[in-house]
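Let's take a quick tour of one protein model. Have the sequence and the 3D view open side by side before you read on.

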Amino acid sequence: MKLRDVRELLRLRPLELNRTRRLLAACHDVEDLRRAARRRLPRPVFDYVDGGADQECSLADNLQAFARRRYLPRILRGAADTTTTTQWFGRSAAAPIILGPTGYTRMMHRDGELAVARAAGRHRLPYVLSTVSTTSIEDLLASGHPDLWFQLYIWRNRRLTFGLVERAAAAGYQVLEITVDTVVPGNRVRDARNGLAIPPQLSLRTLLDIALRPAYWIQMLGSPAITLANTGEIPGTDGDLTVQNLASQFDPGITWTDVEKIRGLWRGPLLLKGVIGPEDARRALDAGVDGLHLSNHGGRQLDRVVTPLDTVAAVRGAVGEQCCLLVDSGIRHGSDVAAAIALGADGAVVGRPYLYGLMAAGEPGVEHVLGLLQAQLLRTMQLLGVASVQELRQAGATLFWAGS
Ligand SMILES: Cc1cc2nc3c(=O)[nH]c(=O)nc-3n(C[C@H](O)[C@H](O)[C@H](O)COP(=O)(O)O)c2cc1C
């Protein structure tokens with residue numbers, strides 16, 4: 001038997017020499033990327049992303065809420081021309097998937113927000129920049145992404161807050177969303193146990209970690225300092241960037257009046273982000289918002305709070321068909337995106353999934369996750385027998401086996 005015959009018999013594939021490509025080729029879903037991220041990152045950083053508040057009941061519920069749904073597909077409807085494309089406030093996107101705002105992204109990988117925005121732009125999906133980003137509103141424009149959104153925290157310093165709104169408008173951000181579920185910070189027990197410091201600091205434990213995970217530390221030690229790129233130094237803290245210092249800037253006194261004031265400043269589409277029940281949803285429309293982003297912050301704020309997926313149908317009932325409704329917290333698969341839409345949402349927002357990709361492999365890792373989610377969504381829609389996002393919305397609850 002010749003060598004070629006042996007190769008064919010064993011179906012030997014040429015060895016992939018590029019480490020990143022080899023790693024990503026072995027990642028077939030978000031959980032694979034999560035595991036790769038856990039291997040690569042120091043524990044305090046990984047846990048900061050992965051963890052939730054208190055006993056992490058809501059974090060677990062978020063995942064369960066999707067996993068327990070059971071579909072009832074429609075058959076023989078022709079799935080050859082199925083498309084996942086959609087529209088946000090008149091602009092088209094490749095799929096009803098949005099990359100949600102996450103703070104401190106350069107702590108996960110030195111390329112941070114720019115890497116995420118470039119990957120999102122290539123996949124034609126909107127990306128929401130966080131107030132507490134480590135790349136500024138203006139610097140992110142270098143990504144070339146034409147559909148950037150901005151997330152606003154209402155800080156104690158209102159001049160600073162309103163200044164951010166003006167800067168986002170001047171820089172051409174398309175949508176503004178105000179996060180309203182952080183009047184005080186959630187109690188992240190993993191961070192407290194790990195003694196999380198931002199940026200990660202040298203301690204005995206960190207030195208051991210450097211020995212175990214040199215790649216992360218080499219990358220970080222050679223990168224510009226991690227700072228709050230939009231807001232600068234926090235007053236009264238000697239410039240120290242810690243979770244506690246940051247939390248002290250959130251204003252527990254925010255009310256609807258603040259939302260109305262910001263509505264007056266921002267001309268584009270305005271969304272509210274947080275846990276929003278049917279009654280508050282109607283109140284939000286009275287305050288002039290254009291849409292709602294139902295979210296429990298990925299289980300990172302109030303623990304034991306309802307999972308947003310379970311509230312979608314009731315909120316849709318309260319606000320009617322035209323109001324833009326986004327949902328997040330627990331989306332890990334394209335099938336979850338399809339479920340969110342069939343239950344009444346217009347789109348699904350992801351947080352941790354793209355961060356796992358970023359932590360595992362930088363920009364190619366984010367691209368990989370987005371490719372997986374889009375392919376999973378398309379396949380789910382084809383197997384469900386719906387040809388478009390609109391059909392998915394219209395089919396609604398009929399796509400689920402009663403009671404699931
Ligand atoms: C590490 C991390 C940082 C976050 N930072 C912010 C933030 O700055 N502003 C915000 O509105 N939401 C923030 N979120 C919440 C996300 O926008 C989103 O609501 C949540 O991650 C969705 O849940 P998922 O992670 O299960 O997809 C953050 C989430 C994570 C995981």
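Here is a briefing on some helices, a ligand shell and a few loop residues.

This is a predicted model, where local features need pLDDT of at least 70, side-chain atom pairs count only at pLDDT 80 or more, and totals for chains, interfaces and linings use all residues. Residues are numbered from 1 along each chain as its sequence is written. Helices (DSSP runs of H or I, at least four residues) and strands (runs of E, at least two) are numbered from the N terminus.

**Helix α16 against helix α17**

- Helix α16 (residues 334-342) packs on helix α17 (residues 352-384) at about 55°, and their axes are 7 Å apart. Axes here are lines fitted to C-alpha atoms, for helices over the stretch in contact, and angles run from 0 to 180 degrees between N-to-C directions.
- That makes α16 and α17 oblique to each other. The cut-offs: under 35 degrees is roughly parallel, over 145 roughly antiparallel, 65 to 115 roughly perpendicular, and the rest oblique.
- The crossing of α16 and α17 is right-handed; a crossing gets that label if the near helix is turned clockwise from the far one by less than a right angle, and left-handed if anticlockwise.
- On the α16 side, the contact is made by Gly334, Ser335, Val337 and Ala338, while the α17 side includes Leu373, Leu377 and Leu384. Contact means that the C-beta atoms of two residues, placed from the backbone, lie within 7 Å.
- Sorted by class, this contact of α16 with α17 has seven nonpolar, five polar and no charged residues. Ala, Val, Leu, Ile, Met, Phe, Trp, Tyr, Cys and Pro count as nonpolar, Asp, Glu, Lys and Arg as charged, and the others, Gly among them, as polar.

**Helix α7 against helix α17**

- Helix α7 (residues 112-122) packs on α17 at about 20°, with axes 8 Å apart, so α7 and α17 are roughly parallel.
- The crossing of α7 and α17 is left-handed.
- Residues of α7 including Ala115, Val116 and Arg118 meet residues of α17 including Tyr354, Leu358 and Glu363. Class by class, the contact of α7 with α17 has eight nonpolar, one polar and four charged residues.

**Enclosed helices**

- Nine of the nine residues of α16 are buried, so α16 is largely enclosed by the rest of the structure. Buried means 20 or more other C-beta atoms within 10 Å of a residue's own, exposed means 12 or fewer, and partly exposed is in between, with C-beta atoms placed from the backbone.
- In α4 (43-50), six of the eight residues are buried, so α4 is largely enclosed too. Among the buried ones are Pro44, Phe46 and Tyr48, and the cover includes α3 (30-40), α6, α9 (189-194) and α17.

**Around the ligand**

- Of the 24 residues around the ligand, Gly103, Ser130, Gly298, Gly351 and Arg352 come nearest. A residue is near if its C-beta atom, placed from the backbone, lies within 6 Å.
- The shell divides into seven nonpolar, 13 polar and four charged residues, and α4 and α17 each supply at least two of its residues.

- Tyr104 lies between β3 (97-99) and α6 (105-108). Its phi is positive, near 55°, although Tyr104 is not glycine, and it counts as buried with 23 C-beta neighbours inside 10 Å.
- His297, between β8 (291-294) and α15 (312-319), has a positive phi of about 65° and is buried.
- Gly90, between β1 (86-88) and β2 (91-93), is exposed, with 7 other C-beta atoms within 10 Å.
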